[in-house]
Amino acid sequence: MPQIPRETIDQLRNQVDIADVISQDIQLKKQGKNLMGHCPFHEDATPSFSVNEEKQYFYCFSCHRSGDVFSYLEQAHDLSFMEAVEQVATTAGVDLPRESNGPSGESASPNTPLYRLHEEASRLYHHVLVNTVAGQPALNRSGERRVGEEGVSTG
């Protein structure tokens, strides 16, 4: 199965404003430096869903869902990652270049889908760790333990 290059996915993420995508589903209002609205993932009486346009991510203070434009589309519209990427590309008017893993365009290994799943899970957990309130305690603890970028404890 052809892949979309990582650089293209990163460019798409930066090119499309997450607030524009989310505001197609829910009403957002400016509150401080963020936009706030009612969470589309659960019923809430007061706005608990925050969108940070600068960092291009969302976070719900009630149900703790968070992520980027792709994970929002995956969760809100029950899409696969590739479907979310294609929808964002369509919104941005970008044609997606695809890389082929093999001579016939098929995966080189039957484990390739598992590698992709692992990569996406890693991307999600890294985002939660570094960019969300929910990841702050773990990030602080890793600093206390002096865990380096390689993930190796030196202390």
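Author: The following account concerns helix 5 and its surroundings.

The model is predicted, so local features are described where pLDDT is at least 70, side-chain atom pairs count only at pLDDT 80 or more, and totals for chains, interfaces and linings use all residues. Residues are numbered from 1 along each chain as its sequence is written, and side-chain values use heavy atoms, with hydrogens and water left out.

Helix 5 comprises residues 112-131; helices (H or I, at least four residues) and strands (E, at least two) are DSSP runs, numbered from the N terminus. Its 20 residues reach 28 Å from the first C-alpha to the last, close to the 28 Å expected at 1.5 Å a residue, where the expected span is 1.5 Å times one less than the number of residues. Thr 112, Glu 120 and His 127 of helix 5 are buried. Buried means under 20% relative accessible area, exposed over 50%, and partly exposed in between, with a 1.4 Å probe and protein chains only. Seen down the axis, the buried residues of helix 5 fall within an arc of 80°, so they line one face of the helix; the arc is that of the directions from the helix axis to the C-beta atoms. On the other side of helix 5, the exposed residues are Leu 114, Tyr 115, Leu 117, His 118, Tyr 125 and His 126.

The buried residues of helix 5 pack against helix 1 (6-15), strand 4, strand 5 and helix 4 (81-92), contact meaning heavy atoms within 4.5 Å. Helix 1 has buried residues of its own, namely Thr 8, Ile 9, Leu 12 and Arg 13. They cover an arc of only 140° around the axis, which puts them on the same side of helix 1. The face turned away from that side carries exposed Glu 7, Gln 11, Asn 14 and Gln 15. Besides helix 5, the buried residues of helix 1 pack against helix 3 (69-77) and helix 4.

Strand 4 (residues 57-60) is covered on both faces: Tyr 57 and Tyr 59 on one side, and Phe 58 and Cys 60 on the other, are all buried. In a regular strand the side chains alternate between the two faces of the sheet. Strand 4 runs antiparallel to strand 3 (residues 49-52), to which 4 bridges join it; two strands pair if DSSP finds at least two bridges between them. Strand 4 also pairs in the antiparallel sense with strand 5 (residues 66-67), over 2 bridges. Tyr 59 is the bridge partner of Ser 50 and stands opposite Ser 66 in strand 5. Strands 4 and 5 form a hairpin with 5 residues between them, and His 64 in the turn has a positive phi of about 65°.

On a 1 Å grid over the protein atoms alone, a cavity is a set of points where a 1.4 Å probe fits but cannot get out, and a pocket is an open set with protein on both sides within 12 Å along at least five of seven lines; lining residues have an atom within 4 Å of a point. Grid points are joined across faces, edges and corners, and a volume is the space filled by probe spheres set on the points. The second largest pocket holds about 200 Å³, and its lining includes Arg 13, Asn 14, Arg 123, His 126 and His 127. The largest cavity, of about 30 Å³, is lined by Gly 67, Asp 68, Ser 71, Arg 123, Leu 124 and His 127.
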